[in-house]
Amino acid sequence: NNNNNNFTSPTPLLTTANAVYSLVVAGRGSGDIAIVGETRDVVVWDLTADPPREIRRFQRHTGFVTALALDEDADRLFSGSWDDSILEWSLSDTSPGFVRRWSTDQGDVLALALLDIAGGTNSPVYHRLASGHGGGEVHFWDIRNNTMQSLDSIKAHESVQALAVSGSRLFSAGSDGYVNVWDLRSEMATLIHTLQASSTLDNVLSLAVFGSRMYAGLRGDTVAVWVVDFDNAELVHTLHQQGKPRGLAVSTAGLYSTSATNIYAWAIPC
């Protein structure tokens, strides 16, 4: 079923001053917040305001912010950039701001994902961070004890453009037009599926996963919707928007996508 049934057309949500290269959305307190990588800045928006309003702007990166990862409590944020660094930020109400910087030897940081190693979905404890790089590697880091120790890496694509995680599965997307699904239950990540994201092998720019659905933002101004489990993967919808979806995020409130300086909201079926 390759159509838009049960999905609304995208609704413009907000417009930023500069191009957006990454996006995460989370519930916090009274409603959702959106965090965007706006050129070199990390910007936090309150989505409950009408219209949405900017509530915080962090400036430390010297390259475009191309990757973001946020913990379940929306208090601990990691950002990655073309400047070869990963920065940690606190979003707590008492002490928001920059925490620490790590330089990587892997080059541009194009994607990030926090891995739920313990605690389950109700109270996750993030012990590891995965980073995706232009050379095609996904690198794993131990982020316990206020440090970031290099662990191991896997060769995933020609260039890793996006990462997403759901339970014990890691999703990686590349400039080769494919999405790989990895099982993290063993010591070394094991490949489960390789999905051709589009018939034309468009670059996959962004990923988001919610439940059994995986959303892949493609260079051809489309979002491919897949249903993925450990045994099967099926393309079920193709959504269209104006411009390239460089950022995708999904929450109980719906799907969010970016295009240039715009952020859109989609209503999605249950």
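**Close-up 1. Asp183 and its salt bridge with Arg185.** In this predicted model, Asp183 is buried, with a relative accessible area of 13%. The closest N and O atoms of the two residues are 3.0 Å apart. Asp183 counts as buried because its 13% falls under the 20% limit. The structure holds eight salt bridges.

**Close-up 2. The salt bridge between Asp46 and Arg53.** The side chains of Asp46 and Arg53 meet at 3.8 Å, N to O. Asp46 is buried, with a relative accessible area of 13%. Arg53 counts as partly exposed, at 47% relative accessibility.

**Close-up 3. Glu54, Arg57 and their salt-bridge network.** Glu54 and Arg57 form a salt bridge in which the closest N and O atoms are 2.9 Å apart. Glu54 is partly exposed, at 35% relative accessibility. Arg57 is also partly exposed, with a value of 30%. Through salt bridges that share partners, Glu38, Asp41, Glu54 and Arg57 are joined into one network. Side chains of opposite charge can pair when their charged atoms come close.

**Close-up 4. An open sheet of four strands.** The strands follow the order β6-β7-β8-β9, and their pairing is antiparallel. β6 (65-70) and β9 (97-103) stand at the edges; each has a single partner strand, so one side of each is left without a neighbour in the sheet. From one strand to the next, the twist averages 20°. Strand β8 (residues 85-90) pairs with β9 in the antiparallel sense over six bridges. Ser90 has Gly97 in β9 as its bridge partner.

**Close-up 5. The largest nonpolar core, with 17 residues.** Phe171, Val179, Val204, Leu207 and Met214 touch the most other members of this core. Two or more residues each come from β14 (160-166), β15 (169-174), β16 (178-183), β18 (204-210), β19 (213-218) and β20 (222-228). Another core lies apart from this one and has 15 residues, among them Ile35, Val42, Leu68 and Trp89.

**Close-up 6. The surroundings of Val179.** Neighbours within four places in sequence are left aside here. The residues in contact with Val179 include Val204, Leu207 and Met214, which are also among the residues that touch the most other members of the largest nonpolar core. Val179 is in contact with His157, Ser172 and Ala173 as well.

Definitions and conventions
Residues are numbered from 1 along each chain as its sequence is written. This is a predicted model: local features need pLDDT of at least 70, side-chain atom pairs count only at pLDDT 80 or more; totals for chains, interfaces and linings use all residues. Side-chain values use heavy atoms; hydrogens and water are left out. Two strands pair if DSSP finds at least two bridges between them. Axes are lines fitted to C-alpha atoms, for helices over the stretch in contact, and angles run from 0 to 180 degrees between N-to-C directions. A nonpolar core is a set of buried Ala, Val, Leu, Ile, Met, Phe, Trp, Tyr and Cys residues joined through side-chain atoms within 4.5 Å. Buried means under 20% relative accessible area, exposed over 50%, partly exposed in between (1.4 Å probe, protein chains only). Contact means heavy atoms within 4.5 Å. A salt bridge is a side-chain nitrogen of Lys or Arg within 4 Å of a carboxyl oxygen of Asp or Glu.
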